Structure formats: C-alpha cells, structure tokens
Amino acid sequence: HIKFSVPILGWSSNVVMSDSAETRVVAARLYKNGNQNIASTTATKFLIDSVSFDTHGGFNAGSNRYDIKVPGPYKVRWNMMSVNGTDGTTVSAKIYKNGAIYGYNTSTWSSGTNELSVAADDLIPCVAGDYLELYADSQSDANYDISSDNLASVVLINMISGPSQIAASEKIVAIYESN
C-alpha cells in the first residue's frame, strides 16, 4: 500500500498571460468641471476632464474615453444631471463600447422641474484594448446642459471580478490512493 500527496503550486502558472494576471481591483471615478451644453438630436460625447481616482490609468484624456487594460466584466454607471431643459424634452444618457451603443436610459422634463437626473448603467464584457465612451442627446432637438455642480454628473467604472486563472501563490493539493 502506497499513499502520497503532491502539492501543485500555481497550477498552469507558467502559462498565465500578463494581461490576465491582474488581481487588484479595477476602479475609476470620472467627472467634468463646468457645465456642457447638449444642443442637438445627434449624440454628443460627454467631455470628462477630471479624475477622482483611476486604479489602472484607463482614462485617456486625449480621446476622452476609458481604455480597458484588464479583461473582465465591467460595471459602468453614469449619472447625468441635466439642467436648463425644456418641458417635454426627452434626454438620453448613453454608454458606448468600441464606438457602438451598448446601453442607455432616458428621462423626460416635466413642468416645474429645475433638474433632471438620468442614470445609465450596464454590465459590459470587455477585453484589453476595448474602450468605453459616454454620450448624451436630446430627442427633440432642445438645448440643455449637463451639470457639474457638486459632482452631479459622475461616471463610475469597475471590474466586478478578477482573473479566472489560478495565481502562483495558490496551492492545489491532490491525493492519490491505490491498493
């Protein structure tokens, strides 16, 4: 009768790719200083100019988008506060992935309303190299502003899970018995 156990350290750790090995939380909080006017039914890019934090440096100020550096499912939430709208105007907050619309939400101004909040959020599967952008529009070609007062319009981005590969620091133990 022989009984033995063999610890297997970092199962397949020699094939972990660098873009899949990230175990830190990926998170960003982005916003704009100053109001932005939305003046047409054509989608207008939300011009982010400030970063509260960005754990992986994904915000690209040159292209005004968030570049995905670590693959995984991302939770994206954009709370857009609009002001100076016209009664009956429907406004949209849109999330784009790689230049195509991925998720959106709308809300309509009603009489006596000074502010209108629209929150667009979605769970978006991403790979390294994908990018996310935010757009707003008015479905009735009426002007309104996206407000920045007290960080009223803010974008939150985070990856909701880590890599599926086993890290080198994890142990997998196998026991084999035979008679």
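Among contacts (heavy atoms within 4.5 Å) between residues at least 6 apart in sequence, 74% link residues at least 24 apart. The structure is a predicted model, in which local features need pLDDT of at least 70 and side-chain atom pairs count only at pLDDT 80 or more, whereas totals for chains, interfaces and linings use all residues. Residues are numbered from 1 along each chain as its sequence is written, and side-chain values use heavy atoms, with hydrogens and water left out.

The chain holds 15 strands and 0 helices; these are DSSP runs numbered from the N terminus, with at least two residues (E) for strands and at least four (H or I) for helices. Of its 179 residues, 39% are buried, meaning under 20% relative accessible area with a 1.4 Å probe, protein chains only.

What lies inside? The largest nonpolar core has 31 residues, and Tyr 66, Tyr 74, Trp 78 and Met 80 touch the most other members. Such a core is a set of buried Ala, Val, Leu, Ile, Met, Phe, Trp, Tyr and Cys residues joined through side-chain atoms within 4.5 Å. Strands supplying at least two residues each include E2 (27-31), E8 (72-83) and E11 (115-126), and E11 gives the largest share, 5 residues. Beyond its neighbours within four places in sequence, Met 80 is in contact with residues including Val 91, Leu 116, Ala 136 and Ile 146.

A polar residue can be followed in the same way. Ser 50 belongs to strand E5 (residues 50-54) and is buried, at 8% relative accessible area. Its side chain makes a polar contact of 2.7 Å with that of Asn 33 and another of 3.0 Å with that of Asp 49. A polar contact is a pair of N or O atoms within 3.5 Å; within protein, one must be able to donate a hydrogen and the other to accept it, and residues adjacent in sequence count only if both atoms are side-chain atoms.

Key: Buried means under 20% relative accessible area, exposed over 50%, partly exposed in between (1.4 Å probe, protein chains only).
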